[in-house]
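Student: I have a new structure open and would like to learn how to read it. Could you walk me through a few features?

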Amino acid sequence: MDYYYSLLSSLTPTQCIMSFLALLLLIQQFTYWNKKRHLPGPAFVLPFLGNAISLVCNPSKFWEDQAAFARRVGISANYVIGKFIVFIRSSELSHLIFSNVRPDAFLLVGHPFGKKLFGEHNLIYMFGQDHKDLRRRIAPNFTLRALSTYLSLQQIIILEHLKRWEKMCASDKTPISLRLLVRDMNLETSQTVIVGPYLLQHARDKFKSDYTLFNVGLMKLPIDLPGFAFRNARLAVERLVQTLAVCTRESKIRMAEGGDPSCLIDFWMQEQAKEVAAAQAAGRPPPLHSEDHEIAGHLFDFLFAAQDASTSSLLWSVTLLDSHPHVLSKVREEVSRIWTPESDKLITADQVREMKYTQAVAREVLRYRAPATLVPHIAVQDFPLTESYTIPKGTIVFPSVYESSFQGFSEPDRFDPERFSEERQEGQVYKRNFLVFGAGAHQCVGQRYALNHLVLFIALFATLLDFKRDRTDGCDDITYSPTITPKDGCKVFLSKRCSRYPNLSLE
């Protein structure tokens with residue numbers, strides 16, 4: 001004992017610190033190995049940071065490496081900022097995660113540090129009866145009547161932006177990058193569809209600025225201190241929710257007065273006004289989930305879901321149509337049989353349903369380049385994932401929607417819209433591998449809206465414009481921003497294809 005005491009007392013302060021750090025490193029490494037067990041993944045990780053630097057600097061390569069690790073057994077492991085993570089490549093194991101979102105298994109987190117960004121009471125963190133009750137109240141937002149209302153708003157905004165982009169190309173004679181332009185178009189579409197007339201122009205401009213801060217913060221380290229992007233993102237979300245709460249209050253007043261719904265919040269508040277009136281007449285308290293601020297938080301969920309994932313899909317649709325001219329020709333031929341710009345009429349919901357091939361193209365775009373590639377969950381308790389591996393409590397689990405899309409389907413690496421045709425029906429045969437909209441209780445409630453938006457964009461873009469990608473080496477490589485997009489931002493040359501643009505209006 002005296003020997004060890006003498007040894008310790010002979011160490012300098014620097015040696016003590018270095019020894020302590022070495023001990024921490026050793027303890028953390030053993031902890032990582034104990035959780036990882038036999039799973040494939042990096043053998044050694046940096047203390048605390050783990051592989052966070054490679055994830056932030058090159059997310060595409062990070063997740064490609066995880067998929068490569070998981071290729072043999074369907075799962076792999078890693079360590080990022082104090083968190084043990086499990087990556088799931090297998091579709092069946094992903095379904096196991098999606099179907100076990102409950103208090104004693106998994107919680108959907110949306111983002112590894114999502115609760116700080118989105119708040120504790122966000123829709124994605126709900127489960128059980130409370131979650132079912134809220135989804136029931138959300139259902140009126142996506143009826144056929146509501147979707148038809150949104151269709152009109154969507155195509156009017158798409159048309160105005162297409163005209164603007166073509167004019168930019170005509171004046172500069174140079175290619176334009178579509179990424180930010182499509183994002184702005186989608187933000188205007190989401191704002192108009194979700195809160196319509198309640199968001200005035202000055203509020204829209206501020207909304208756009210705050211949403212940009214949020215987007216930037218999503219891809220940065222979660223340092224919640226002044227001056228850091230993550231803190232700016234969190235504060236931006238708070239301001240966005242406050243703005244949406246004001247819109248909610250104004251819609252409640254208008255719907256209670258008997259106004260006709262003109263946007264998503266109106267359809268929601270119209271049904272809620274009936275519930276509130278019934279509760280008042282019966283002497284009961286107001287229904288659950290009727291507070292302005294809570295509703296505003298859910299509206300932000302809708303906006304986030306409609307915005308970034310849709311931007312990704314629209315960009316990939318342009319890229320893939322350009323690289324597959326036979327597909328583009330078939331889209332143009334189908335649309336011309338159903339709708340023409342010279343009609344000056346809005347495309348109806350029935351006409352969208354009639355565009356079978358264009359719908360198949362949209363579904364194949366979503367399969368081939370699933371926009372939100374990963375759906376993070378956290379393990380609330382130890383969970384037996386397979387016979388030989390139990391996910392430890394506290395693990396962040398990443399089911400890969402992207403990897404599932406390349407399993408089962410015939411020639412999955414080939415872009416082939418015909419796989420979704422009524423003849424082949426691969427969408428039905430391999431529907432367990434088509435996880436773009438999730439699965440289980442938290443499956444995307446707005447998937448019909450999202451698909452309509454993509455179909456409308458493809459139909460209008462292909463019909464009204466001629467386009468050509470400005471192709472360079474690696475331009476179609478995948479980059480995260482935060483959903484996946486072409487590396488070059490989808491640079492294109494545009495020119496007008498139709499004799500004149502349609503005159504579309506709600507009247």
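Student: Where is the place of Cys-490?

Tutor: Cys-490 sits in the loop between strand 11 (484-486) and strand 12 (491-496). Helices (H or I, at least four residues) and strands (E, at least two) are DSSP runs, numbered from the N terminus. Before we go on, note that this is a predicted model, where local features need pLDDT of at least 70, side-chain atom pairs count only at pLDDT 80 or more, and totals for chains, interfaces and linings use all residues. Residues are numbered from 1 along each chain as its sequence is written, and side-chain values use heavy atoms, with hydrogens and water left out.

Student: Is Cys-490 buried or exposed?

Tutor: Buried means under 20% relative accessible area, exposed over 50%, and partly exposed in between (1.4 Å probe, protein chains only). Cys-490 has a relative accessible area of 0%, so it is buried. Its phi is positive, near 65°, although the residue is not glycine. Gln-425 also has a positive phi, of about 50°, without being a glycine. Gln-425 is found in the loop between helix 17 and helix 18 (426-429), and at 40% relative accessibility it counts as partly exposed.

Student: How many disulfides does a search of the whole structure find?

Tutor: A disulfide is a covalent bond between the sulfur atoms of two cysteines. The cut-off used here is a pair of cysteine sulfur atoms within 2.5 Å. The search of the whole structure finds zero. Take Cys-247: the closest cysteine sulfur, in Cys-263, is 8.5 Å from its own, which is too far for a bond. Cys-247 is buried at 1% relative accessibility, and Cys-263 is buried at 0%.

Student: At what angle do the axes of helix 10 and helix 13 cross?

Tutor: Two packed helices are described by the angle between their axes and the distance between the axes. Axes are lines fitted to C-alpha atoms, for helices over the stretch in contact, and angles run from 0 to 180 degrees between N-to-C directions. Here, the axes of helix 10 (residues 201-218) and helix 13 cross at roughly 75° and come within 13 Å. Angles of 65 to 115 degrees count as roughly perpendicular, and helix 10 and helix 13 are therefore roughly perpendicular to each other.

Student: Which residues meet there?

Tutor: Contact means heavy atoms within 4.5 Å. Phe-207, Tyr-211, Phe-214, Asn-215 and Leu-218 of helix 10 meet Phe-300, Leu-303, Phe-304, Gln-307 and Asp-308 of helix 13.

Note on methods. Parallel < 35°, antiparallel > 145°, perpendicular 65-115°, else oblique.
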